[in-house]
Amino acid sequence: MNTTRSVPRRAALAATAAAVGLLLAACGTDDGTNAAGTSTTAPAPSGAEQHNKADVAFAQGMIPHHRQAVVMSDMARSHGASDAVKALAERIKKAQQPEIDAMAGWLRAWGERVPSGMGSMDGMRHGDDDPAVPGMMNDEDLDRIGRARGNAFDTMFLIQMIQHHEGAIDMAETEKRQGLHGPAKTLADDIITSQTAEIAQMREMLKNG
């Protein structure tokens with residue numbers, strides 16, 4: 001698969017896995033054969049079709065989390081002062097959106113609910129009492145950062161995005177412990193690696209003013 005350098009490897013892997021699963025699922029017909037006339041009564045499941053509770057929880061939790069990162073990144077275009085912050089925000093957005101599309105594709109292929117908007121997640125709790133999504137901003141926080149401009153926005157954006165990334169890493173590690181496998185585990189590993197690197201970059205940006 002050819003990808004541009006602006007889209008991280010994790011997004012490409014996730015999108016490929018989802019596309020393969022959906023393509024295989026679409027190949028069957030009502031009479032149990034595909035377009036080539038081969039029986040599809042008992043097809044071998046694709047990586048995207050194999051899933052468990054952790055995979056579903058991961059996708060349902062990470063989609064609204066990623067959507068909020070996209071919203072925050074969009075703010076940087078008009079609110080930010082630094083070109084470095086704007087470039088970082090654009091890179092974050094380009095990474096998050098393909099992953100959102102891929103995870104939504106998995107959930108549809110699995111017959112599971114695709115979260116709408118940036119509402120609280122369902123599956124990540126696994127019986128825990130605390131329903132909070134790690135790193136997610138509430139409406140008041142979003143309104144506060146939305147009113148900021150220039151250097152004040154840049155500082156708030158970096159601080160909030162660090163916390164947001166830390167939350168995504170926490171979510172990925174939590175679901176890995178619950179048994180992620182296949183494309184969901186691959187995406188979780190890549191989120192942990194890439195967002196850890198971005199956290200280090202953002203901390204350095206804050207340190208340097």
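Start by selecting helix α5, residues 150-178, and show the side chains of Phe 153 and Phe 157: both belong to this helix, four residues apart, which is about one turn. The model you are looking at is predicted.

Keep the two rings on screen. The structure holds two aromatic pairs. Phe 153 with Phe 157 is an aromatic pair of the stacked kind, with 5.8 Å from centre to centre and 25° between the planes. Planes under 30 degrees apart count as stacked.

Phe 153 has a relative accessibility of 0% and so counts as buried. Phe 157 is buried as well, its relative accessible area being 0%.

On the α3 side, select Ala 84, Val 85, Leu 88, Arg 91, Ile 92, Gln 96, Glu 99, Met 103 and Trp 106. They meet Pro 183, Ala 184, Leu 187, Ile 191, Gln 195, Glu 198, Gln 201, Met 202 and Met 205 of α6. Colour the selection by residue class: the contact of α3 with α6 has 12 nonpolar, three polar and three charged residues.

Conventions: Residues are numbered from 1 along each chain as its sequence is written. This is a predicted model: local features need pLDDT of at least 70, side-chain atom pairs count only at pLDDT 80 or more; totals for chains, interfaces and linings use all residues. Side-chain values use heavy atoms; hydrogens and water are left out. Rings of Phe, Tyr and Trp (its six-membered ring) pair if their centres lie within 6.5 Å; planes under 30 degrees apart count as stacked, over 60 as edge-to-face and the rest as tilted. Helices (H or I, at least four residues) and strands (E, at least two) are DSSP runs, numbered from the N terminus. Buried means under 20% relative accessible area, exposed over 50%, partly exposed in between (1.4 Å probe, protein chains only). Contact means heavy atoms within 4.5 Å. Ala, Val, Leu, Ile, Met, Phe, Trp, Tyr, Cys and Pro count as nonpolar, Asp, Glu, Lys and Arg as charged, and the others, Gly among them, as polar.
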